[in-house]
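Welcome, and thank you for opening the viewer. Take a look at the model below, then follow the stops one by one.

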Amino acid sequence: MLPGFATPEGTARYRDRFFNLREAGHFRRPLHVPGVGELWLSSIGLGTYLGDPTDAADQAYTESIATALRSGINVLDTAINYRHQRSERNIGAALRKVDDSGEIRRQEVLVCTKAGYLSFDGDMPADQRGYFMREYVEPGILDPAQIAGGMHCMAPAYLENQIARSLRNLDLETIDVFYVHNPETQLADISREVFYQRLKDAFVMLEKQVKAGKLRYYGLATWGGFRVPEGARDAIHLFDVEKLACEAGGDSHHFRFVQLPFNLAMPEACGLLNQGHGREKMSLLSAAERLGITVMGSATLYQGHLTQGLPPVVGRILGMKTDAENAIQFSRSAPGLTTALIGMGRKQHIAPNLKPALVPPTPADEWQKLFTQH
Ligand SMILES: NC(=O)c1ccc[n+]([C@@H]2O[C@H](COP(=O)([O-])OP(=O)(O)OC[C@H]3O[C@@H](n4cnc5c(N)ncnc54)[C@H](OP(=O)(O)O)[C@@H]3O)[C@@H](O)[C@H]2O)c1
């Protein structure tokens with residue numbers, strides 16, 4: 001297993017390998033928080049959600065990840081359930097390749113993964129229930145009473161087991177960022193009180209994993225939880241969740257990352273005031289900044305839908321050539337968003353998607369015009 005984790009020195013060395021990207025402000029130090037705030041992270045990251053669970057897609061992903069690392073992308077995002085653990089294994093293989101050859105070292109790269117969904121191994125088994133009974137229930141890792149919606153579990157023993165598997169898949173001694181995956185899924189089934197207790201139990205375990213050197217930081221990766229109105233049943237309130245992290249790990253807790261979709265069709269992180277702090281209402285991006293939490297944006301291209309047919313005003317304001325470039329420039333220019341994640345299972349997409357990173361992000365006052373001009 002590759003030792004180490006992303007470090008300030010390693011990520012600064014990575015930034016300095018790419019003069020043009022560095023000069024254009026592609027690498028960011030997200031926050032004024034000791035440790036995580038000292039890392040240099042690329043404004044575009046590579047995601048590994050989509051694609052078939054096949055050997056051909058594995059090969060394409062592994063090549064694409066290595067190409068991304070060689071091209072100026074040092075944020076990698078995955079989850080244990082993505083392509084039934086294959087995406088994690090592809091990241092492991094690509095990182096190993098570039099580290100062994102001395103091209104890029106492990107300390108230069110932020111590797112993020114997630115768990116929470118029930119995960120299969122390599123393929124969907126014919127007998128899914130039988131697989132879970134044998135693999136998780138009979139050995140006492142998973143209590144079926146802790147499963148929400150028939151597919152989600154964030155009980156400490158299950159997450160701990162998933163972390164150990166992820167480390168093996170990624171071939172790493174330490175994961176940089178571990179997210180509880182779409183925890184809002186649970187709110188369809190359980191009360192907010194039980195939800196908070198489950199999250200806190202998970203955070204206590206995650207703080208222990210940090211102490212044991214298995215993780216550096218943890219957080220929540222969400223789909224709807226941070227994008228719905230404050231009063232919605234599945235809304236996640238960041239100030240409350242951060243309080244749970246303080247209870248679990250004290251003021252210097254390691255709950256330092258959140259992830260949510262952010263793109264031209266899903267701009268809520270910036271525009272929706274769904275985070276309450278006393279009487280104050282603010283956006284997720286403002287709340288995260290206040291709390292010293294780094295925000296990663298997912299689904300930058302809305303799973304490919306934003307690569308064509310955008311209204312001309314978008315290009316006029318953002319100034320890039322293609323719709324894909326403009327969609328990427330939109331997300332990476334959002335004030336307070338550190339990295340815009342793009343799924344790139346094929347290496348052909350790396351160079352075109354890095355074009356926006358060769359120019360500075362759109363200034364905030366220009367960027368805001370997207371919400372007022374038609
Ligand atoms: N709740 C969560 O935790 C959550 C939810 C969604 C996403 N995510 C993370 O965010 C990452 C990004 O989101 P996503 O993968 O769902 O969607 P996305 O980034 O919006 O879109 C990815 C899709 O767009 C294609 N693509 C990339 N560049 C392109 C270009 N220049 N022109 C045309 N097509 C292009 C990709 O093709 P190829 O793959 O063939 O290159 C892929 O099919 C995910 O991979 C995942 O890591 C997390």
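How many bridges join strand β5 (residues 110-115) to β6? Select both strands: 4 bridges join them, and they run parallel. Before we go on, please note that this is a predicted model, where local features need pLDDT of at least 70, side-chain atom pairs count only at pLDDT 80 or more, and totals for chains, interfaces and linings use all residues. Residues are numbered from 1 along each chain as its sequence is written. Helices (H or I, at least four residues) and strands (E, at least two) are DSSP runs, numbered from the N terminus.

**Stop 1: the barrel**

One of the pairs here is I175 with L215 in β7. Two strands count as paired if DSSP finds at least two bridges between them.

Next, select β3, β4, β5, β6, β7, β8, β11 and β12: these 8 strands close into a barrel in that order, with parallel pairing. From one strand to the next, the twist averages 30°. Angles run from 0 to 180 degrees between N-to-C directions, and axes are lines fitted to C-alpha atoms, for helices over the stretch in contact.

Is strand β6 (residues 175-181) largely enclosed or open? Its residues are buried, 7 of the 7, so β6 is largely enclosed by the rest of the structure. Buried means that 20 or more other C-beta atoms lie within 10 Å of a residue's own; exposed means 12 or fewer, and partly exposed is in between, with C-beta atoms placed from the backbone.

**Stop 2: two helices side by side**

Show helix α6 (residues 156-170) and helix α7 (residues 192-211), which pack at an angle of about 35° with their axes 9 Å apart. Zoom in on P156, L159, E160 and I163 in α6, which meet D201, A202, M205 and Q209 in α7. A contact here needs C-beta atoms, placed from the backbone, within 7 Å. By class, this contact has 5 nonpolar, 1 polar and 2 charged residues. Ala, Val, Leu, Ile, Met, Phe, Trp, Tyr, Cys and Pro count as nonpolar, Asp, Glu, Lys and Arg as charged, and the others, Gly among them, as polar.

**Stop 3: two loop residues**

Select N182, in the loop between β6 and α7. N182 is not a glycine, yet it has a positive phi of about 45°. With 23 other C-beta atoms within 10 Å, N182 is buried. Then jump to Y302, in the loop between β11 and α11. Phi of Y302 is also positive, near 45°, but Y302 is partly exposed, with 14 other C-beta atoms within 10 Å.

**Stop 4: around the ligand**

Which residues are closest to the ligand? Select G47, S298, L301, G343 and G345, the closest of the 32 that surround it. By class, the shell has 13 nonpolar, 16 polar and 3 charged residues.

**Stop 5: an enclosed helix**

Finish with helix α12 (residues 323-332): 9 of its 10 residues are buried, so α12 is largely enclosed by the rest of the structure. Among the buried ones are I328 and F330. To see what covers them, show elements including β3 (44-47), β11 (294-298) and α11 (312-318).

Notes. Two residues are in contact if their C-beta atoms, placed from the backbone, lie within 7 Å. A residue is near a molecule or strand if its C-beta atom, placed from the backbone, lies within 6 Å of it.
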